[in-house]
Protein chains: 2
Amino acid sequence: VTEAVRARVPAAVVPALERLVAFLRIPSVSTDPAHAGDMERAARFAAGLLAEAGFPAVEVLPTGGPPAVWAAWTGRPGAPTVLVYGHYDVQPADPLDAWVTPPFEPTVREGRLYARGASDDKGPVVQALEAARLWLETTGELPLNVLVLLEGEEEVGSPHLATFLAAQRDRLRADVVVSADGAMWRVDEPSLIVGAKGLVSLAVTVVTAAADLHSGRHGGAAPNAVHALARLIASLHDEDGRVAVPGFYARVRPPAPEERAAWARLALSEEAYRCAAGVRGVIGEGEYTVAERLFARPALDVNGVTGGYGGPGSKTVIPSRASMTLSCRLVPDQSPAEVAKLVARHLTAKAPFGAEVTVEVLPGMAAPYLLPPDTPALAAAEAALRRAFGQAPLYVRMGGTLPAADHFRRVLGLATVFFSFSTADERFHAPNEFFRLERFELGLAAWVELYAAMAEHLRARRDGRCASST
Amino acid sequence: VTEAVRARVPAAVVPALERLVAFLRIPSVSTDPAHAGDMERAARFAAGLLAEAGFPAVEVLPTGGPPAVWAAWTGRPGAPTVLVYGHYDVQPADPLDAWVTPPFEPTVREGRLYARGASDDKGPVVQALEAARLWLETTGELPLNVLVLLEGEEEVGSPHLATFLAAQRDRLRADVVVSADGAMWRVDEPSLIVGAKGLVSLAVTVVTAAADLHSGRHGGAAPNAVHALARLIASLHDEDGRVAVPGFYARVRPPAPEERAAWARLALSEEAYRCAAGVRGVIGEGEYTVAERLFARPALDVNGVTGGYGGPGSKTVIPSRASMTLSCRLVPDQSPAEVAKLVARHLTAKAPFGAEVTVEVLPGMAAPYLLPPDTPALAAAEAALRRAFGQAPLYVRMGGTLPAADHFRRVLGLATVFFSFSTADERFHAPNEFFRLERFELGLAAWVELYAAMAEHLRARRDGRCASST
């Protein structure tokens with residue numbers, strides 16, 4: 001049966017892309033209140049896709065923030081159920097002038113579809129839905145029960161998701177979550193992500209005076225908020241880029257030997273990483289390989305800084321106020337709340353003379369996530385990838401954060417398998433985000449396989465059997 | 001005769017203020033190209049004031065930038081000539097929400113006139129013009145020949161002034177320049193400014209990657225432009241706030257012993273300065289008094305910094321680019337070009353690993369300025385202040401910059417005497433700039449005296465006589 005569905009993939013690519021392009025035209029930027037109307041439009045558009053695909057139950061549900069989109073096909077009573085997760089919100093598109101073509105006018109160039117959200121996460125979401133549509137159109141049913149949940153707050157840390165999951169527990173009864181968010185490490189190496197980093201963000205403000213001062217009349221005697229903030233930022237890392245906040249690394253669990261061995265097989269040299277990431281040098285903990293730094297070591301980055309005059313021309317003031325946001329990416333067994341405290345304590349202790357420092361923990365904390373290696377859904381995902389790629393995937397962790405996985409575990413007790421065909425170099429969160437068209441087709445086929453493999457592996461586990469291996 | 005003119009000052013205050021208020025309503029922000037039309041309006045308004053005051057020759061002259069306003073009353077052939085200088089442009093008004101009343105809607109509260117430009121420099125300019133008007137209305141003439149030059153680029157460093165002075169040399173033949181720009185140190189201590197600091201500004205950009213990167217996927221291995229810029233900023237000063245750029249202080253000329261003695265009489269304690277400036281601590285070179293730091297020591301301040309995401313909400317990127325503008329306030333015998341080189345060399349040498357640093361010298365360099373103590377016009381200004389205040393003024397230097405004084409010396413060979421009744425605490429360049437109404441009246445009277453005292457002292461010097469002392 002799966003063969004018949006897969007055979008229809010080639011003809012399905014273009015119509016699926018057409019729907020993706022329409023989805024990408026909606027600037028569903030969750031971080032900017034000005035786009036609240038677009039969030040609503042995007043949610044309704046996604047609901048329309050699900051209904052068209054053949055899901056008999058589709059709802060747009062309130063969350064307290066942007067709405068969630070829910071759908072269910074439960075035509076196999078007693079069969080296993082997967083909950084497909086993704087998000088319809090996107091990152092802001094600025095700086096706009098860095099885009100070759102406008103972020104919300106999807107454009108194909110050299111086999112790549114350019115648009116904000118193409119790769120993170122509308123492209124991967126559409127693949128999951130279109131694969132279900134192919135099953136439903138070809139066979140009239142799905143190999144197992146499928147629930148879909150698309151949220152609109154992933155890019156702001158899913159602040160309402162835990163409450164929503166708890167409130168909608170009855171609509172979300174499943175055996176496992178399959179996330180259409182996440183990304184493969186690189187295009188020539190199929191991989192399965194078994195872990196994601198945690199996240200905690202802080203807003204820091206430094207005040208040195210009641211008002212900005214004339215730099216001529218007060219220079220040399222008045223403290224400067226930008227100087228003070230710069231000293232604080234400089235104190236966060238040593239010269240190599242190692243985090244210098246006391247206690248920051250204390251609870252870091254070393255990766256398992258087999259994980260380290262698998263990452264060593266990636267053979268990711270500093271130079272290869274430097275070129276792939278487009279950076280001018282590779283920094284960080286020299287005692288770890290680049291892959292280990294990215295997968296298994298925590299990081300702290302200032303995400304933005306502002307202070308003093310930022311308008312056109314110049315203005316010779318001594319800034320009285322400067323601020324930054326910073327985020328920490330965490331690994332097991334670090335706790336976001338504990339790390340936030342360590343960083344806040346460090347910044348307060350390091351406050352330069354004449355500077356008042358305030359630190360606020362921003363919403364959107366997420367615990368680090370690591371999937372147990374014997375999760376049956378992982379074996380199903382591996383089988384689907386083997387069939388699609390003809391080779392065994394590498395088990396890796398992602399440097400990104402998926403707060404949703406943490407919420408699914410805590411609230412619903414469900415493991416999350418990441419199954420996405422975006423690639424780590426596709427400029428998520430940056431200008432000129434794109435999705436590779438070849439991966440769109442390949443991922444569509446893999447999702448077709450995945451529904452079948454999940455049905456088989458989850459049922460086998462339930463029956464105490466071993467699933468057939470490919 | 002002077003008595004008769006002074007007697008008319010009380011009745012002249014309100015009409016003069018009315019004209020000032022109309023002048024202040026024009027948002028002549030020179031640093032922002034969006035205000036080019038307002039610059040033209042402000043120049044024509046000032047020309048109108050001069051014509052109304054009784055100057056027979058008034059012209060608005062092109063400079064290559066905002067126009068200059070020129071006027072002449074030369075009714076005393078053979079008598080000395082003063083060139084009154086001021087500027088009609090103002091600093092940007094942002095942050096707008098920090099203003100109690102809008103910056104371009106002049107408002108009086110508790111004896112203070114609040115508006116952008118009230119104190120720097122439209123208020124002081126109007127005083128000089130209204131005093132001339134009083135002379136002309138009362139006596140039909142001025143005690144000496146008076147030229148007026150108002151420029152529109154003081155707040156951006158007077159980039160076209162030197163060329164303009166050279167081209168218009170014939171219209172600007174004078175014995176001395178009297179500047180209506182500058183400020184008194186404090187309200188209870190009449191002072192004469194004999195020096196001003198030099199200025200050079202730099203724009204610095206740090207680039208670490210081709211594009212902003214996802215902080216989850218790249219944290220711990222990719223360099224962060226904000227971290228790199230912060231390290232550069234932190235390297236510019238030591239912990240006390242002393243400038244740490246090698247060679248920065250090398251050419252600083254120590255103040256004369258009589259200057260230091262005069263400043264010691266100011267008895268400006270760190271605590272008194274801290275309260276007056278509204279700062280949370282006093283920083284800088286502890287081996288110098290606060291007055292010495294402000295008057296005779298150079299300073300380096302970052303005026304603004306920007307990097308990474310600065311929009312609403314948060315965005316977890318690793319910034320690939322960060323930038324700042326900084327300005328150095330210089331004292332004799334520092335050279336702006338040489339200091340710019342030292343700072344640029346320091347920043348380039350300190351470039352953190354993985355960061356490309358570019359440094360650009362911004363337009364508007366000004367050399368430091370110090371008036372020879374035997375300048376006759378200084379004695380005239382002192383005499384006028386003695387008459388207006390009933391006490392001898394203190395000779396001080398200003399921390400601010402007056403590039404114009406440097407240009408007048410270099411291009412026209414003229415000394416500049418600063419004669420302004422704004423006070424250093426009136427929030428120039430900051431929100432809620434104001435001008436004290438009591439100083440408006442007092443300055444009007446002092447300018448009436450100044451024209452007479454200048455006539456006497458400059459003629460006496462020319463004749464080899466000593467002017468009468470009061």
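Visitor: Quick one to start: are Arg397(A) and Glu259(A) buried or exposed?

Guide: Both are buried. That word means under 20% relative accessible area, while exposed is over 50% and partly exposed is in between, using a 1.4 Å probe and protein chains only.

Visitor: And what am I looking at here, and how is it numbered?

Guide: It's a predicted model, where local features need pLDDT of at least 70, side-chain atom pairs count only at pLDDT 80 or more, and totals for chains, interfaces and linings use all residues. Residues are numbered from 1 along each chain as its sequence is written, chains are lettered from A and ligands numbered from 1 in the order in which they are written, and side-chain values use heavy atoms, leaving out hydrogens and water.

Visitor: Back to Arg397(A), then. What does it form with Glu259(A)?

Guide: A salt bridge, with the closest N and O atoms 2.9 Å apart. Arg397(A) sits in strand β15 (residues 394-401) and Glu259(A) in helix α8 (residues 257-265) of chain A, so the pair ties together parts 138 residues apart in sequence. By salt bridge I mean a Lys or Arg side-chain nitrogen within 4 Å of an Asp or Glu carboxyl oxygen. Helices (H or I, at least four residues) and strands (E, at least two) are DSSP runs, numbered from the N terminus.

Visitor: How many salt bridges over all chains?

Guide: The count by that rule is 56.

Visitor: Which residue does Glu137(A) form one with?

Guide: Arg133(A), with the closest N and O atoms at 3.1 Å. Glu137(A) is partly exposed at 42% relative accessible area, whereas Arg133(A) is buried at 11%.

Visitor: Which residues are in the network with them?

Guide: Arg8(A) and Glu52(A) are linked with Arg133(A) and Glu137(A) in a network of salt bridges.

Visitor: Switching to chain B: where is His87(B)?

Guide: In strand β3 (residues 81-87) of chain B. His87(B) is buried, with 0% relative accessible area.

Visitor: What does its side chain make with Glu154(B)?

Guide: A polar contact, at 3.3 Å, with the Glu154(B) side chain. There's also one from the His87(B) side chain to that of Asp181(B), at 3.4 Å. A polar contact is a pair of N or O atoms within 3.5 Å; within protein, one must be able to donate a hydrogen and the other to accept it, and residues adjacent in sequence count only if both atoms are side-chain atoms.
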